[in-house]
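Open the model in your viewer and keep the selection panel at hand.

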Amino acid sequence: MPINYYIFLALALFSIGIVGVLTRRNAIIIFMCIELMLNAVNLLLVAFSKMHYLKNAAADAMTTAGTDGQLFVFFIMVVAAAEVSVGLAIIVMMYRNIHSVDINFLNRLKH
Amino acid sequence: MQNVLQIVYLIPLLPLIGFLVNGLGRKHLSKSMISVIGCGTILASFVLSIWVFLQVKGGNTHVADYFNFISVGALKIPFALQIDQLSSLFLLIITGVGFLIHVYSTSYMQEEKTEHFGRYFAYLNLFIFSMLLLVMGANFVIMFIGWEGVGLCSYLLIGYWFKKQDYNKAANKAFIMNRIGDLAFLIAIFWLIAKVGSVSYTEVFSAANLAKLKATDITIITLLLFIGATGKSAQIPLYTWLPDAMAGPTPVSALIHAATMVTAGIYMIARSNLLYSMSHITMDIITYVGLATALLAATIALKQNDIKKVLAYSTVSQLGFMFLALGCGAYTAAVFHVMTHAFFKALMFLGSGSVIHAMGGEQDIRNMGGLSKKLKITFITFLIGCIAIAGIPPFSGFFSKDAILLSAFEKSPVLYGIALFTALLTAFYMFRLLFITFTGKFRGTQEQEHHLHESPVSMTVPLIILAVLSIIGGFVGIPEVFMHGGDKLGEFLSPVIASHDGHKVSHSTEYMLMGLSTGLVIIMIIFAWIKFKNYQRSEATGFGKVLENKWYVDELYESIIVNPLNKLGSFFSSIFEKSVLDDMVNGVGKMVNYGSRQMRLLQSGQVGNYVLLMVVSMVIIFVIQFFLRK
């Protein structure tokens, strides 16, 4: 499959994520949109990595060059998992305190 | 083996130490301690100077190089002192006359508070240090350091009685006028560096470098140096500071404004005589400026009534004579006149100090008269000074003035005529001063008459020594016509000063010129005697009034330079600064205030807004980068 398809798919996912973050007020949905953006990036990384690997493998079957992008994806997933746990914990605390997950209530930093 | 002259750094160092000790300890030392330190350091320098002079006379000249003072790229300016015939002669004059004046000062300034007494001697020592640096420096930069140093000391000492606002103004005037000349001097140094790549005398005056220089460059450099000299040596148009500088204590006037500092310009030109000899334009300008100054100042001196002002204008006039000699190429004659002038003018200033001391601070000669009975030593020494300056043989002034007149005659008889006329005026106003002050009836108050007394020994001894020097000082330069090989000074200076290309005037002419000038001078003195032996106070009228008011030159400067500058200054301070500069500065502050107030609105506290802004900014950055990469 041409690389273009992956790029467009990732672009679409990323845009959906951005629009979601910008338009929604529910903290959980925003959180999900952020995950969407992260995964768009992951998708791109995997796609480019595969493309480079195939190019290198054509010259040398035993090569591992170009696979590091895929490794990065695992790192990102781990970090994202950690981030999700922290983020969800914050949202739970927020709900306990103000009985809402609407981010527009969170404007106390201004004062 | 190192040259023994390597230790000449001691000569300027000793006065510097004296300055530091007296300056820092002025509140703790007693007056006698201060006097001993102040005079002792100069005496030590004087003894060293004599030793140096004997070394030089024995044929030992030396450039003592101590350390690298400035080093930029290819340009290296060493801190070096040059000992040769010219500088050793000046060393003797400065430390010798300086020492006598220091001794004189110990009595003259006795009434000052200890603290101010210490300040006075500290300044005086600092002056000697600077002056020694000026004449000993082996390059123009070291000379410039001394040049600025003497200017500073002159300023400090003119404004010594700083509680009187007029004196401060006089000090400012001297300093600012000197600055104008100093600027030209500085530009000349830069010009030299640009064209020759060096400032040390030996390199600049080497034949190869002189041949390399273009005629226009030489003219510009010499002219700029000459402008520097007009400032320091009080020539037209920068002479007006010197008469005002009489605000300082009288010994200061004697030391700085008669004997040494004001001759710095002559020293500089004599030092660079090789350069000057190559530019006829500059030489002509120097001749005319010198002659004009001599004449102008002599006419002003005719009608002055302040004893020190007469002497001040006389100094300006004599300096004009020296420049006339320089312009005619008679460098030796100029240096000779510097020497004799240092003797008799210091003598007369110190004499006037003695008179002022006796009169209890009175300086107006109209209130004096008949002082010869009470102040015998002062009168006799003053008379000797007057005879010397008037130029009656065999007093010192005759020989040096005759050498100058002769050089003027060789250049052009017209110059000689004007110079002779000026010399006659000199004799006239000096004897006018003498007769008004010392003969006739006393015209002051009773109290003053009662107070009249001869000055103490420490004041009269320097007077006597200077009087003796004024009598015999001329014998080092006896003209060829009187004695073959009599011009010892010219012989001595010949290694540093390009010799004056022989006397073109026949001996009989020379005798005639001398006879003429001496005869006329004696007639002038008799004329002054008849006119002023019984002086009665009278108001000057007509042309006399113009002279009394110094040709209104000060008023002219006031109206065409000072006032417009003041107006411009007050315009800038009251209008330009308030409306333009202040608004600009305040405007910056206001703009930042206003801008930050607007920017604050962005901080809404809404997370959504922040994210939106972030996204928009990133998109903008991407777009910009996208276009920039093209």
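Select residues 279-534 of chain B, which form domain 1, and then 558-628, which form domain 2; these bounds come from an automatic or database domain assignment. The C-alpha centres of the two domains of chain B are 68 Å apart. The model is predicted, so local features need pLDDT of at least 70 and side-chain atom pairs count only at pLDDT 80 or more, while totals for chains, interfaces and linings use all residues. Residues are numbered from 1 along each chain as its sequence is written, with chains lettered from A and ligands numbered from 1 in the order in which they are written.

Next, pick Ile187(B), in helix α6 of chain B, residues 165-196 (helices are DSSP runs of H or I, at least four residues, and strands are runs of E, at least two, numbered from the N terminus).

Now show the contact between the chains, with nine residues from chain B and nine from chain A (C-beta atoms, placed from the backbone, within 7 Å).

Finally, select chain A. Its secondary structure is three helices and zero strands. The C-alpha trace of chain A spans about 60 × 25 × 20 Å along its principal axes. Of its 111 residues, 12% count as buried.

How values were computed:
Contact = placed C-beta atoms within 7 Å. Buried ≥ 20, exposed ≤ 12 C-beta atoms within 10 Å, placed from the backbone.
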